[in-house]
Amino acid sequence: MSTTTTSARAALDPQQMLQCAIAEAELGRSEGGIPIGAALFGSDGTLLGSGRNRRVQHDDPSVHGETDAFRAAGRQQDYRTTIMVTTLSPCWYCSGLVRQFGIGTVIIGESVTFTGGHEWLREHGVNVTVLSDRRCIDLMTEFIDTCPALWNEDIGVPE
């Protein structure tokens, strides 16, 4: 097996790609924000852009992890072969982004603390993998327990 093939396989390891999103989520938490991170990768495993939920930091309700990563990636000619990796099941807003731009694959760290639109994405032909990653579950569980009002604001639940 060539080194290039080995490197590409390592780069496409879902756990390695998820680590990039987790790092963003942890950075967001350290900034006082909501610990949700995401990254957009090319089909060869190249990181195109990463980001985190910055609703609090930017005082902007549209800055979700997936949208931040998408913006950081810049314009792409075609999104069908890209891979969106996110620490949490994407909300309807972010699921819409995936559908609007035809992102072909979504890898999700967890959907225990929140289940967004990932089944809908799957029904519409998106390749969806839910990893049920303990780190992601613990990160969100701790956040929801300590900041319930901020969490409810983020997911649109009135107090």
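Reader: Hi! How many salt bridges are there in this thing?

Author: The count comes to 9 salt bridges. Keep in mind that this is a predicted model.

Reader: Okay, which residue does aspartate 68 pair with?

Author: Aspartate 68 meets arginine 54 in a salt bridge, at 2.8 Å from N to O. The two come from distant parts of the chain, 14 residues apart: aspartate 68 is in helix 4, while arginine 54 is in the loop between strand 2 and helix 3.

Reader: And are those two buried or exposed?

Author: Both aspartate 68 and arginine 54 are buried.

Reader: What about aspartate 154, what's its partner?

Author: That's arginine 55, with the closest N and O atoms 3.1 Å apart. Aspartate 154 sits in helix 8 and arginine 55 in helix 3, so this pair ties together parts 99 residues apart in sequence. Aspartate 154 and arginine 55 are buried too.

Reader: Where do glutamate 119 and arginine 122 lie?

Author: Both are in helix 6, 3 residues apart, which is about one turn of the helix. Glutamate 119 is partly exposed, with a relative accessible area of 39%, and arginine 122 is partly exposed at 33%.

Reader: Which residues make up a network of salt bridges?

Author: Glu24, Glu31 and Arg52 are linked that way.

Reader: Switching topic: how far is glutamate 66 from the nearest side chain of opposite charge?

Author: That side chain belongs to arginine 71, and it's 10 Å away. Glutamate 66 is buried but has no salt bridge.

Reader: Now helix 7. Which of its residues are buried?

Author: Cys136, Ile137, Leu139, Met140 and Phe143. Seen down the helix axis, the buried residues fall within an arc of 165°, so they line one face of helix 7.

Reader: What's on the other side?

Author: Arg134, Asp145 and Thr146 are exposed there.

Reader: And what do the buried ones pack against?

Author: Helix 2, strand 3, strand 4 and helix 8.

Reader: Last one: why does cysteine 91 count as buried?

Author: Because its relative accessibility is 17%, and buried means under 20%. Cysteine 91 lies in the loop between strand 3 and helix 5. Leaving aside neighbours within four places in sequence, cysteine 91 is in contact with His64, Phe114, Gly116 and Gly117.

Terms used:
Residues numbered from 1 in each chain as written. Predicted model: local features only at pLDDT ≥ 70, side-chain atom pairs only at ≥ 80, totals over all residues. Heavy atoms only, no water. Buried < 20%, exposed > 50% of the residue type's maximum accessible area, 1.4 Å probe, protein only. Lys, Arg positive; Asp, Glu negative; His and termini not counted. Salt bridge = Lys/Arg side-chain N within 4 Å of Asp/Glu carboxyl O. Helix = DSSP H or I, 4+ residues; strand = E, 2+ residues; numbered from the N terminus. Arc of directions from axis to C-beta. Contact = heavy atoms within 4.5 Å.
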